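Please open the structure in your viewer and keep the selection tool at hand.

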Amino acid sequence: MRLSAPLHAADRVAGRFRVALTDPAGCERNVLLALVAYALLWTLYGTIAKGSQGLHYDMTELVAWSRDLSLGYLKHPPLAAFIVWLWFSVFPLAEWSYYLLAMLMPTVALWFAWRLSADTLDFEKRVVGLALLTLIPFFNFHALKFNVNTVLMPVWAATTFWFLRSYTTRRALYAALAGVGAAACMLGKYWSVFLLAGLIVAALIDRRRGEYFRSAAPWITVAVGLVVLSPHLVWLARHDFAPFGYAVGIHGAKPFVVALKAVLGYFAGSIGYVAIPLIVVLATVRPSRAAFADIVWPGEPERRLAAAAFWAPFLLPALGALASGTEITSLWSMPAWTLLPVLLLSQPSLTVSAADTRRILGLAMVVPLIVLIASPVIAINVQHSGPQPAAAHAQQLAAEIERAWHELTPLPLRFVDGDPDIAYGIGAYASERPRALPGMPAPGEAELKRSGLVRVCFADDAVCRGAV
């Protein structure tokens, strides 16, 4: 059966794309260009499709944190807030620029995934692996909501890459970078303890562990990591480890049955998110039973080290959750997938043909184009279904509040308090960049008397309206 004209054209474009990405002389440059296009396409999708929703609460909350820079916060460590502060020191605070920042997180992770695959995969498999990762919703749909989970994607990928390089080469530079990466992971979210523990497990079960631990590499990693992390550790001690108390209060101290149910949901949801790559690989390479077993746990030391570095950070949270009575969710596995192509495709008996690469690349190219075309319809449907009012109307509310404020006083609007959903949105959209106070250190009484503040509440929230 002959392909229709559009499908034939798409197949031809995918073929040319494959040639560009598998060309040893120009593949690095071409992959970078492809990733830039990927980030821009999904940024455009997010800007259009989410235009009727306003910025998500997680994103406006980080704007508030970035205006009160600290070495730590009640909920989480400070990396995400510092990134937001740095980004909006250069770019305007607008929805398109925020979605661009969000898409940089998975895009950088994809670059490190490409680099991670270089040691074990040929060019056909590397290109297929990269394309398969773009079919995981963590790398696009979910990544558009910038928060502490999306921040982990690039730093987990970078730390894994630097650690594996450090382990196999024992070079001081990679060891130091692994330490910086490990600290960055912990400064992103404490969930990263499972990555660090997982990499330690991978190092301990590898046959070369004696050579590694007798070298300077692991101790350089530990020393550099502690130096980078030490200011935050001091902050934690001074604030009675407040984020840990917050995490336990929200997710911890659950009955064993609740934790077990959450763990099963964690596994089911995580596998569901990566189902398309799994199905595509199984349908393409059709591994034998022996090959499948070797995929799951390879026999070669190099591949087994990578497999351990993949499995341990993914599995350890389940053990930790059951032991501590903590609820976990599959969304938290978001940064754990950059080694998936190496795990699935590095088995030596599996072959990927040029035709396979072309078809999978075509699929990876078509998906963002389809959702981009559909983005206006998505935005309209969300608007008709009724988006969250605090987010959807935050921009208009911010403008109205600034107008009313300046009818009363010539002073700039500096502080917004009240319901967090509303206050964070106003803080993000208001032109005078006020500080949103919910959950943040309160300014002094004298400063509040001089500057004043706006308190914004839902009409039916008597507690918020009655607060002084």
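This is a predicted model: local features need pLDDT of at least 70, side-chain atom pairs count only at pLDDT 80 or more; totals for chains, interfaces and linings use all residues.

Select His76, Lys189, Ala247, His251 and Trp332, which of its 35 lining residues lie nearest the centre. Two or more lining residues come from each of helix 3, helix 7 (148-169), helix 9 (193-205), helix 12 (242-251) and helix 16 (301-324), and helix 12 gives the most, with 6 residues.

Next, turn to the second largest pocket, where about 470 Å³ of space lies. Of its 22 lining residues, select Ala182, Leu196, Ile200, Thr221 and Val222, the closest to its centre. Its lining holds 18 nonpolar residues, 4 polar and no charged, and the largest share, 7 residues, comes from helix 11.

Now select Ser66, which lies in helix 3 (residues 57-66). Is Ser66 buried or exposed? Its relative accessibility is 8%, and because buried means under 20%, Ser66 counts as buried. Leaving aside neighbours within four places in sequence, Ser66 is in contact with Ala81, Val84 and Trp85.

Finally, select helix 18 (residues 354-385), whose 32 residues should span 46 Å at 1.5 Å a residue, which agrees with the 44 Å between its end C-alpha atoms. Look along helix 18 for a kink of about 50° at Ser375, shortly before the proline Pro376. Ser375 is one of the buried residues of this helix, which also include Asp356, Leu361 and Val382. Just after helix 18, stop at Gly386, which takes a positive phi of about 90°.

Methods: Residues are numbered from 1 along each chain as its sequence is written. Side-chain values use heavy atoms; hydrogens and water are left out. Helices (H or I, at least four residues) and strands (E, at least two) are DSSP runs, numbered from the N terminus. Buried means under 20% relative accessible area, exposed over 50%, partly exposed in between (1.4 Å probe, protein chains only). Contact means heavy atoms within 4.5 Å. The expected span of a helix is 1.5 Å times one less than its number of residues. The bend at a residue is the angle between axes fitted to the seven residues ending there and the seven starting there. On a 1 Å grid over the protein atoms alone, a cavity is a set of points where a 1.4 Å probe fits but cannot get out, and a pocket is an open set with protein on both sides within 12 Å along at least five of seven lines; lining residues have an atom within 4 Å of a point. Grid points are joined across faces, edges and corners, and a volume is the space filled by probe spheres set on the points. Ala, Val, Leu, Ile, Met, Phe, Trp, Tyr, Cys and Pro count as nonpolar, Asp, Glu, Lys and Arg as charged, and the others, Gly among them, as polar.
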